[in-house]
Amino acid sequence: MRRGSPIPCACGSSVHDGEAGERSDLESEYKKFFQAVEASPSSVVITNRDGVIEYVNERFIASTAYSREQAVGRKPSLLKSGRTPPEVYEDLWSTINAGKIWRGEMCNRKRTGEHYWEATAIAPIFGADGEITHFVAVKEDITARRHAESALQRRQERDAILADVTRVLLAEASTDGMEEALKILCQGLNAERGFLFRLSPDEQTISNTYEWVQDGGQSRREHLMGLACENFGWCLDQFRVGKSIAVDNAAHLPDEAAELKSILLSTDVQATITAPIQMGGKFIGFIGVDVDQAPRVWSADDIRHLERGAEIVGLALLRMDAEEELRETRDRAYRAEQNLTDAIESMPEGFVLYDHDGKLVICNSRFRNDYNYSEEQTRPGVHFTDLGRIDVQSGTVVVPDGYKDAETYLQTKLKYRLKLEGTFPVVLKDGRHLMTRDRRTSSGGLVSVQTDITKIKQTEEALRTSERKFWSVFHASPSLMTITNAQNGRFIDVNAKWVEVIGYDYGEAVGKTAAELKVWPSVETRKRMLEMFDDNGVLTNFETRLRTRSGKMRDLLISGVRMPVDGEDAMLLVYHDITERKTMERALKNSEQEVRTILDNIVEAFYRTDNEGRITMCSAAIENLLGYKPDELIGVQARELYVDPNDREGYLQALKKNRGRVRDYEVRLQRKDGSEIWAASSGHYIYDRDDNVVGLEGTTRDITRRKKAEHELLLAKEQAEQASAAKTEFLSGMSHELRTPLNSIIGFSQMLELHSATLLSDKQQEYLDIIRTSGEHLLTLINEILDLASVEAGRMHVHLKPVSAAGVIDECVTLVQPLALKRSVRFAVAEIAGPQVQIQVDRMKFKQVLLNLMSNAVKYNVQGGRVEISARNDGAGGLRIDVTDTGQGLSADECAQLFEPFQRLGAERTDVEGTGLGLVLAKRMIDAMGGDVRVTSAPGLGSTFTVVVPLAHTD
């Protein structure tokens, strides 16, 4: 409906001549009514019987941001926010459909999406036939009131806490009272510990004089007594000027607060908030709370709450010292108030005078109006306690939270009037705040002045909140910020980030002009910035460079706004440091060329294809690889370069299988001249910003020579394996032919030894010993070679069965003892599993392994050395047996060669006999039994050979 369109009317269009005048008057009244509705400060909406909007006034348009064209023809449900309960709408329609007026409050949503509250009255409009034809709704925006109520509730909760603190301290100004007050403050701030520090009379030390700790917490007070003030200058300097300190995270405290940071972290304090206690402008101590669980961001309301608590605590601390001075001040005030008697009625505050019995003598009209008293209720002689009961019974005065009942509130007010300390706050049911200030007259009466401080409190709180928010954002901003005079560039204020980046101290910058500090590259640059401000005084994204104190230039993007500051035409500028971005942009340009140069000079060929497999880029090395110049391959399908197109599909499948990345995938490629090469290709997917695959890129290198060498190596390996098999077959078949003559030689030498004393000379005896020992050594060598050949030929069989580990170990120790005695080597059995421990091994071969390890530990030990045997469960289903000697030890390289055939590691140059095959056979045997043999050694520290074999399973 357009502006000026008439409000829907049930008036008919046809009239009799006699009714023309009456109709003209009606239309005139209708126009007046229409104009009044249009100008109404409330939103007016008229719908038809089905709820379709036919008219909205200007206020509706301004409130909802919907034009008439957007609203008319639609239903009011276009304003629904989803926050009003369905029951409200059900009650609304039930009421108006019954022909009654509905009143209520609901939360709606503007066209912009913003939510707002309205107090709504909806009434039906009846036609001539008595039926409902339309509905009219009159709505008032109550958003501000609802927000104020919410804020008032939060404030009342905090005020109740402070009232409890006040009550406690008034009732008992002692250690118990102070600790109870700290407990209340901690509970209100959800903290684990509360504390109060007092400054010593000589102002040299501070001490934690009062403390409260929640159940389960640990007291720290005794460790925080007599602390030197000089170590806490950072916080005490702020306290002395009345500033509170909120530490959201103790680990982030600055270096200047090192001592405080150390104390907090050593006591596991994560966050803390403290407020100074001042009296008469003099700093006497501070109060605070700690949080141990996790860092916390303290709100401005938390800080103010603690500051108010500090004020109350400060009053309690200094109450005794101040009582005398307070009485003198009160007497002077009482005498001065006598001179105000004649001006009582003209006073803007509520005023009432009681006699010494508490009976009303006189009051002004402001007092009666504020409390809604009648003349009868405020007649002379009424006692002030009677007025108090009228206040709470009528509901004129709201009993604050924290009082048990109205009687408790009245008793508190009575105590105040008996003590006459400070002021007494009063909250009226209409939301206004009064400050009651009572004083005694010289005759013993009582003067009470009621001052309406509602606007003052609202203004002060709004101003404090606004200032705190602005300066918090200004000084804590991660961006550089300044406030300067627009004309001469003089710095009025700068934030910490500006100081950090530009390099000038706060005191050096504030009061100086930009020209004096030479931060701008030229006067013309600053002038050009001023010209960039639009008609609304806004500057957006002015890019320039500024000079730091060190002379370096920083790239900055400046936005700002012009505003008055203390009568000056000033500018608030926000600088975004884009130095790194600009440096990266310049580096990117250089790097693109460098990358191209690098790609053209690397040995491997670089390539890039699109999502269809077409080559979009390749490096100069492609010519050496395939014989094509790079430009010849642009746009060519990559699969055309493969000898077998299936290799290309295999390469793509490998990419998918390995999450878009593959390395050294071997393929055959066809060169330009038709020849074939082997190549190893590595590549990965290329993604766009939305993580879609748009191609792939990678490198390819020629591995033809390597593949040829691998083929030749494979042929050589097969030939070596065949030769080894032939050797093994030969040795295995020669066992009888080699052993028989050696056994005969050894047998005859032993027979000769039986008669050596009578038949042989000493020289012959010596030769006989050489024959026997050489034969035995040779037989041992042949046996071990043949055993090794059997292993390699696959003819070694193991018969696994449960065997007592302790029994085998004891047998081996007994057999090696004679050899140990000959070399003066001591055996020590440190830890042996009991006889009940069974291992799953081939007993004969296992015993052969242990004998080999123990005899080696003796043979390669030092004269008079030591061998230690231990056996224990390894925790993984096996038994670990360690044989440790005190010999010369082995290097890491020697340990790596130890289990190779015929490897004695230099022992062949000594008198210690051996073949270099014992450890090889031992390892092969243990491997066949499902175990392991390993060595741990270091030069000069001896060696430890470890055998691990499976434990036998027992039912």
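Select helix 26 and helix 27 and show side chains. From helix 26, V808, I809, E811, C812, V813, L815, V816, L819 and A820 make the contact. They meet R843, F846, K847, L850, L851, M854, S855, V858 and K859 of helix 27. Contact here means heavy atoms within 4.5 Å. By class, the residues of this contact are 13 nonpolar, one polar and four charged. Nonpolar covers Ala, Val, Leu, Ile, Met, Phe, Trp, Tyr, Cys and Pro; charged covers Asp, Glu, Lys and Arg; the others, Gly among them, are polar.

This is a predicted model, where local features need pLDDT of at least 70 and side-chain atom pairs pLDDT 80 or more, while totals for chains, interfaces and linings use all residues. Residues are numbered from 1 along each chain as its sequence is written, and side-chain values use heavy atoms, without hydrogens and water. Helices (H or I, at least four residues) and strands (E, at least two) are DSSP runs, numbered from the N terminus.

Now view the axes. Helix 26 (residues 805-822) and helix 27 (residues 843-859) come within 9 Å and cross at roughly 35 degrees. Axes are lines fitted to C-alpha atoms over the stretch in contact, with angles from 0 to 180 degrees between N-to-C directions. The crossing is right-handed (the near helix is turned clockwise from the far one by less than a right angle).

Next, pick F827, I839 and F846. They have the most contacts inside the largest nonpolar core, which has 40 residues. Such a core is a set of buried Ala, Val, Leu, Ile, Met, Phe, Trp, Tyr and Cys residues joined through side-chain atoms within 4.5 Å; buried means under 20% relative accessible area with a 1.4 Å probe, protein chains only. Helix 26, helix 27 and strand 30 (866-873) are among the elements that each supply at least two residues of this core. Centre on I839: its contacts beyond four places in sequence include F846, L879 and V949.

Move to strand 15 (residues 433-440). Which residue stands opposite M435 in strand 16? T451 does. Strand 15 and strand 16 (residues 446-452) run antiparallel, joined by seven bridges. Strands pair if DSSP finds at least two bridges between them. In the turn of this hairpin, G444 has a positive phi of about 95 degrees. On strand 14 (residues 424-427), also antiparallel to strand 15, select P425, which stands opposite M435.

Technical notes:
Buried means under 20% relative accessible area, exposed over 50%, partly exposed in between (1.4 Å probe, protein chains only).
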